[in-house]
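Have the sequence and the 3D view ready, and we'll take things chain by chain.

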Amino acid sequence: MIRIAALLACLALVPVAGAVDSGQRFEDPAEQSRYERVIRDLRCLVCRSESIADSNAPLAKDLRREVETLMRAGRSDEEIYAFMTERYGDFVLLQPPVAPRTWLLWAAPALFLAGGIAVVLVVVRRRARVARADPAALDEEPDRP
Amino acid sequence: MKLPLRFLVPALAFAVLVGFFVVGLSRDPGQIPSPLIGKPAPAFALESLGDPAWKVGSADFSGRPWLLNIWGSWCVGCRQEHDALMAIAGQGRVPMMGLNLWDDRARALRWLADLGNPYVSVAFDPEGRTAIDWGVYGAPETFLVDSAGRIVKKHIGPITLDIWEREFLPLLPVPEGGP
Amino acid sequence: MIPELGHFALILALLLSVAQSVFGLGGAARGNAAWLAAASSAVVGQFVFVAIAFGALTWAFVERDFSVLYVATNSHSELPLFFRIAAVWGAHEGSLLLWSLCLAGWTLAVTAASRSLEAPFRGRVLGILGIVSIGFQLFMLATSNPFARLIPAAPEGLDLNPLLQDFALAVHPPILYLGYVGFSVAFAFACATLIEGRLDAAWARWTRPWTLAAWSFLTIGIALGSWWAYYELGWGGWWFWDPVENASFMPWLAGTALIHCLAVTEKRGLFKSWTLLLSVAAFSLSLLGTFLVRSGVLISVHAFATDPARGAFILAFLAVVIGGALLLYAWRAPRLASSAAFEPTSRESFLLLNNAFLVAALSLILLGTLYPLFMDALELGKVTVGAPWFNLMFLVPMLPLVALLGVGMHAAWKRGMLGSMKARLWTAAACAIAGAILIGAAAYADLRPMTTIGFALALWVMLSSLLIPLARLRARQTLPAAVIGMVIAHFGVGLTTLGITGVQSFKVEKDFALAVGEAASIGGYEFRFAALRDARGPNFTGVEAEFTVSRAGEEIAVLRPQKRLYNSGGNPMTEAGIEVGPARDLFAALGDDLGQGRWSVRLQFKPLIRYIWLGAILIALGGAIAAVDRRYRLRAPAHAVGAVAPSAP
């Protein structure tokens with residue numbers, strides 16, 4: 001019940017645009033877009049489906065400030081992500097990590113596509129062979145009322 | 001009747017899926033384990049809530065188990081768990097430090113004055129910087145640190161005496177000798 | 001009194017569903033005409049009583065009867081009438097009743113329209129639909145009774161979630177459910193076919209209009225949800241790959257593959273087992289979606305009140321219905337192979353490829369959605385798969401699909417000679433590429449590769465679709481509804497692609513801290529914060545900001561975003577101010593009051609975003625037009641509905 005209330009609260013927080021601290025933080029546009037990219041890749045753990053860029057939960061505000069601090073301290077993207085996962089676990093990353101347990105996830109789309117095309121090729125070849133052996137099969141149609 | 005196996009694949013795949021769902025139903029996807037369990041408690045030294053000149057920190061209880069409770073006067077769940085906290089403090093088994101999060105000093109002190117103070121000391125963390133180091137999402141949360149300074153348990157949400165007895169007490173060392 | 005009547009009506013409906021199943025399946029198995037007739041009567045009775053139950057619940061909401069627990073948790077005395085009615089399906093119990101009503105409705109429609117079907121076959125279809133009805137009604141009566149009383153009655157309700165107090169979101173569930181539930185018809189036809197071991201393909205002709213209709217509803221339902229999220233959630237997103245969204249998109253993809261597969265089966269008797277499997281899959285995915293949303297196995301902002309006990313019930317139901325259908329498939333499908341043939345460049349090949357891409361897309365979405373569950377169950381830690389992964393991976397099957405769509409439409413059946421179309425298609429492709437470069441360069445001064453590819457594909461599909469009516473009219477051929485529908489739907493796909501490419505490539509979103517009188521610029525437009533005044537509604541108060549938008553000094557729009565506080569309490573809600581134009585949306589949303597007269601404001605420039613939903617409307621329209629093609633409405637004489645294979649193993 002409390003969780004439902006929390007989820008509804010998150011839905012309510014979502015529409016409220018981030019306060020000014022999710023806006024311009026860096027004068028350098030390259031740094032600013034890096035900042036925006038990093039905060040879009042980190043999950044708000046209170047409003048689970050959102051990034052800390054979009055959530056207005058207090059935790060999200062704090063984490064955005066933390067990212068800015070770390071960036072100003074010269075940390076790289078990997079170091080910032082490591083900082084977050086050390087404290088919050090892998091769940092804080094919106095992109096699944098590339099690790100042995102997620103290889104299937106990353107490879108799957110290409111595998112599915114390749115598999116599908118392979119099946120199609122097999123079927124098409126078989127039907128073409130039938131057509132060559134028996135041209136009448138090309139004109140076959142089911143009984144129609 | 002011969003049954004080409006490939007036609008059974010959908011049914012088998014579905015059976016595997018159902019198996020996963022059965023397991024999934026018994027688990028709580030919302031329960032995210034803290035990566036800090038078993039690791040040394042992050043060190044901190046913050047101003048005390050009552051007296052800015054006095055410092056309160058993770059080194060205060062070295063050598064014995066202690067509790068860190070994250071709270072704020074703005075937090076509804078903290079009010080809910082307050083009675084349980086007073087009871088736990090009353091048992092006197094383990095000292096409890098409070099971490100006052102995202103709060104106003106005066107309001108927090110008034111809250112403690114009104115409701116009672118279960119804490120041995122309270123650290124003041126208005127910006128949440130230390131809370132981030134402990135992987136805190138919000139309040140209330142309660143951590144148990146062992147005598148070697150490692151975090152052994154994290155509880156998210158209001159704590160009850162029942163949870164204290166079932167999940168925290170078994171982790172404490174048995175008191176030696178007599179009463 | 002009325003809620004109790006509703007409860008009683010629901011019990012009667014359940015009994016009639018049981019009758020429908022027993023008489024339908026039993027009557028077919030025993031060849032008992034009286035039983036079969038009784039099954040049809042049971043259908044009518046079930047619909048009447050489900051409708052009465054639904055009416056009773058609606059009455060309880062309209063009359064503000066807070067002694068009904070469901071009404072007390074989802075309504076409020078100040079809630080306007082329209083939303084009191086919409087609140088009926090605003091939460092778990094009521095939405096189940098809506099499911100049941102939709103199912104009873106579709107079943108009634110099938111009963112009425114299928115008089116020329118062989119009686120045993122018809123009986124089996126109704127029987128299977130009856131089993132599904134039993135599942136939902138039993139679920140409600142056992143675990144989720146919408147009519148449960150609250151004693152003593154609450155003095156005031158908890159109100160409908162303010163986010164749901166919106167026209168689009170009010171109509172989104174009924175339309176969506178008509179889609180989900182409509183796939184049960186194809187499912188029932190497929191199961192009946194499998195039970196009888198039919199070798200012919202006449203059932204494909206029967207299933208097609210029903211599937212097209214359900215699919216069209218689902219398309220609109222999904223588009224409504226996306227459109228609502230865009231303007232209501234205040235920050236301009238229109239698709240988040242949230243598990244519940246995915247739960248609606250997967251049946252849609254399966255349904256799309258199904259309607260294309262049905263075309264081949266109907267025309268050439270090919271791919272029967274694929275079509276049957278897809279018919280089972282589409283509805284299975286609908287049921288799976290129901291499970292995911294209500295059981296708590298996945299985290300989603302959309303999820304209903306999650307309860308593992310309810311989840312267990314649904315899972316058991318799923319296991320029986322889907323497991324049963326898939327076992328039927330494994331038993332009967334092997335003997336469905338046909339001996340027809342086709343050339344590699346024929347329409348059949350393209351449709352097969354089309355299905356491969358759609359199934360690949362559907363599979364990857366399923367995997368991504370369930371991967372966290374898999375990892376957690378195997379104790380491999382908590383992983384999450386968010387929008388960035390889906391956005392990237394979805395392109396893998398979709399790009400080739402859209403590209404080949406343009407060619408496949410023109411391929412002829414059997415032999416696939418494109419003939420005179422080849423030259424025209426090359427021209428269309430060249431125009432598409434040129435057009436894409438033109439749009440990129442002239443309109444946005446940006447020629448990124450992915451953007452150009454996206455625009456080129458969109459234009460390619462649109463031009464290629466238009467070539468069909470042009471060619472047919474030139475050759476003085478007729479344009480049957482099915483072809484018109486196909487053209488419109490495919491054109492819609494191109495339009496949606498155009499919108500997605502435009503908005504993802506060129507959108508601008510920025511936050512500013514502004515006081516009244518100040519201005520900010522994005523995307524060449526200047527937004528001036530002109531005024532701030534109080535706002536008041538029937539059940540809320542708040543503030544309204546006025547922004548005047550100008551471009552090159554000339555004022556073109558006034559936006560009025562609001563921040564509302566509903567009287568029933570709760571967090572403040574944002575209503576965005578949006579200016580719609582033929583090429584872009586301008587968007588402003590109020591954030592927090594920062595003090596000292598400054599407000600945090602999110603301004604957005606969203607090029608081409610409207611075409612996403614306009615395209616979806618065209619897709620649904622195309623499906624609806626195709627569904628009413630004359631050849632589906634010709635009554636088939638009963639004896640010609642094909643031979644039935646002997647039922648011995």
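In what order do the elements of chain B run from the N terminus on? They go α-β-β-β-α-β-α-β-α-β-β-α.

## Before we start

What you're looking at is a predicted model, where local features need pLDDT of at least 70, side-chain atom pairs count only at pLDDT 80 or more, and totals for chains, interfaces and linings use all residues. Residues are numbered from 1 along each chain as its sequence is written, while chains are lettered from A and ligands numbered from 1 in the order in which they are written.

## Chain B

Helices (H or I, at least four residues) and strands (E, at least two) are DSSP runs, numbered from the N terminus. Chain B has a radius of gyration of 22 Å, well over the 16 Å that the globule rule gives for 179 residues, so chain B is more spread out than a compact globule. (The radius is taken over C-alpha atoms, and the rule is 2.2 Å times the number of residues to the power 0.38.) Along the principal axes, the C-alpha trace of chain B spans about 85 × 45 × 30 Å.

How much of chain B is buried? Buried residues account for 35% of its 179 residues. Here, a residue is buried if 20 or more other C-beta atoms lie within 10 Å of its own, exposed if 12 or fewer, and partly exposed in between, with C-beta atoms placed from the backbone. As for contacts in chain B between residues at least 6 apart in sequence, 74% join residues at least 24 apart; a contact is a pair of residues whose C-beta atoms, placed from the backbone, lie within 7 Å.

## Chain C

Chain C has 18 helices and 10 strands. For its 649 residues, a compact globule would have a radius of gyration near 26 Å, and chain C agrees with that at 26 Å. Its C-alpha atoms fill a box of roughly 85 × 75 × 55 Å along the principal axes, and 58% of the residues in chain C are buried.

Helix H9 (residues 243–268) and H10(C) have axes that come within 8 Å and cross at roughly 165 degrees. Axes are lines fitted to C-alpha atoms, for helices over the stretch in contact, and angles run from 0 to 180 degrees between N-to-C directions. Nonpolar covers Ala, Val, Leu, Ile, Met, Phe, Trp, Tyr, Cys and Pro, charged covers Asp, Glu, Lys and Arg, and the others, Gly among them, are polar.

In the other pair, helix H16 (residues 481–506) and H17(C) pack at about 165 degrees, with axes 7 Å apart. H16(C) passes H17(C) in a left-handed crossing, and their contact has 20 nonpolar, seven polar and one charged residue.

## Where C meets B

How many residues of chain C are in contact with chain B? There are 25, and they touch 19 residues of chain B. On chain C's side, the elements giving two or more residues are helix H10 (272–295), helix H11 (308–332) and helix H12 (347–377). H11(C) supplies the largest share, with 11 residues. By type, chain C's side of this meeting divides into 20 nonpolar, three polar and two charged residues.

Most residues other than glycine have a negative phi, and most peptide bonds are trans. Against that background, a few spots deserve a look. A cis peptide bond joins Ala139(B) and Pro140(B), with omega about -5 degrees; Pro140(B) is in the loop between helix H4 (129–133) and strand S6 (141–145) of chain B. Another cis bond links Ile151(C) and Pro152(C), with omega about 0 degrees.

Trp102(B) has a positive phi near 50 degrees without being a glycine. Trp102(B) sits in the loop between strand S4 (96–101) and helix H3 (105–115) of chain B, and is buried, with 20 other C-beta atoms within 10 Å. Leu608(C), also not a glycine, has a positive phi of about 65 degrees and counts as buried, with 26 C-beta neighbours inside 10 Å.

Note on methods
Contact = placed C-beta atoms within 7 Å. Left-handed = near helix turned anticlockwise from the far one by under 90°.
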